[in-house]
Amino acid sequence: MKAVVKYGKGKGLVEIRDVPEPTLKDDDVLIEVKAVSVCGSDLHIYNDAHPYWPPVILGHEFSGVIVRAGKDVRGWKAGDRVVTETRTGACGICYICQSGFPQVCEQKRPYGIGRDGAYTKYVAGPARLLHHLPDTIPFETAAVMEPTAVCVSAILERCRLQAGESVVVTGPGPIGLISLAIAKTAGARFVGITGRSSAEGMRFEKARELGADFILNTDREDPVKKVQEMTGGLGVDLLIETSGGEKAIAQAFEMVRRLGRICALGISGKPQTQIPYDRGIFKGLRYDFCFSSSWTSWEMAIGLVAKGLLPLEKVITHRLPIERWEEAFKLLETRQAAKVILIP
Ligand SMILES: [Zn+2]
Ligand SMILES: [Zn+2]
């Protein structure tokens, strides 16, 4: 089968290769990939700015149908529509796993990063990581379930957004747009979103579609001033930082109210980032570094989308055949796209 493979350590080093179909362990299922979504992490891997274990087929955000189940698999059968968590390799016995957070286990080797992923026709993996995909959710939308679960885990589970709170999202990329949608669904009083000039057009347009209460270009306007105006000088309850940019992070410390929370989801792609540390202390802020997704966040995300409460399909802007992966990466890099779906 044809697969998009990151074949070595360094920048680039990605190409389409002919690879054998995956073999199945007794507790694995074989999934036929129906749709795979391009993640910012895939770009970071391409650029050698994210951990990965080559050679590896890229792609961790996907949906599909089970074609075969290993002999020890219970509760799943050929024909089942599925999405899967990506925490393959988590050991199950360390302190972190045993305390209920296998998604941050040190041994984790996710699909598309430390184990063959979904930029291809078939993926094999453990049945215990699957979630049922209701018929009401199209495969393309379902391919975006992984980042959605990550956002649910961060915003609703970890940072505990409450109905009636005020929110600003920094960064209108895919994670920022999904965060905006979740905050609206959760009943935030208002949700503003900020971004650079490169977001004018497509990404701000999507933010508008998702119901952003204000959209602000930080190259033209001061977001701190805007938030002060919106909140009578108080600042917002929750700041969702999805850009990983140093300037946005510094502004986040100013936009959030005293004793407010910053929910950090953006990857900087750099070894070190400066933060206004003392400002955080004197305001008594909470800064939550959020990573990966819990089992419960998947169930919540799927439930919200299935019931029509979270319009996830709106973040999809492009659909391309998998052979055109390079074009997909370009679209994201140049910020012309929100979510790009590849079809095998
Ligand atoms: Zn991802
Ligand atoms: Zn572990």
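Predicted model: local features only at pLDDT ≥ 70, side-chain atom pairs only at ≥ 80, totals over all residues.

Biologist: What radius of gyration does the chain have, and what would a compact globule have?

Modeller: The chain comes out at 20 Å, and a compact globule with 344 residues would be near 20 Å, so the two agree. Along the principal axes, the C-alpha atoms fill a box of roughly 60 × 40 × 35 Å.

Biologist: What share of the residues is buried?

Modeller: Buried residues are 54% of the 344. As for the accessible surface, it is about 15,100 Å², with 52% belonging to carbon and sulfur atoms.

Biologist: And the contacts, how many of them join residues at least 24 apart?

Modeller: 70%, counted among contacts between residues at least 6 apart in sequence.

Biologist: Charges next. How far apart are the mean positions of the positive and negative ones?

Modeller: They are 2 Å apart, for 44 positive and 40 negative charges.

Biologist: Switching to cysteines: how many disulfides are there?

Modeller: The count is zero.

Biologist: Is Cys-159 buried or exposed?

Modeller: Cys-159 counts as buried because its relative accessibility is 1%, under the 20% cut-off. Cys-94 is partly exposed, at 24% relative accessible area.

Biologist: Now Leu-30. Where is it found?

Modeller: Leu-30 is in strand 3, which covers residues 28-37. Leu-30 is buried, with a relative accessible area of 3%.

Biologist: Which residues is Leu-30 in contact with, leaving aside neighbours within four places in sequence?

Modeller: Among them are Pro-22 and Leu-24, the run Val-65, Ile-66, Val-67 and Arg-68, and also Tyr-122, Val-123 and Ala-124. Val-14 is 16 residues from Leu-30 along the chain, and their C-alpha atoms are separated by 24 Å.

Biologist: Last one, helix 8. Which of its residues are buried?

Modeller: In helix 8, residues 246-255, the buried ones are Ala-248, Ile-249, Gln-251, Ala-252, Phe-253 and Met-255.

Biologist: What covers the buried residues of helix 8?

Modeller: The cover includes helix 7 (223-230) and helix 9 (277-283). Strands contribute as well, including strand 9 (166-170), strand 12 (236-241), strand 13 (256-264) and strand 14 (286-289).

Key:
Residues numbered from 1 in each chain as written. Chains lettered and ligands numbered in written order. Heavy atoms only, no water. Rg over C-alpha atoms; globule rule 2.2 N^0.38 Å. Buried < 20%, exposed > 50% of the residue type's maximum accessible area, 1.4 Å probe, protein only. Contact = heavy atoms within 4.5 Å. Areas by Shrake-Rupley, 256 points an atom, 1.4 Å probe, with all protein chains shown as cover. Lys, Arg positive; Asp, Glu negative; His and termini not counted. Charge placed at Lys NZ, Arg CZ, Asp CG, Glu CD. Disulfide = S-S within 2.5 Å. Helix = DSSP H or I, 4+ residues; strand = E, 2+ residues; numbered from the N terminus.
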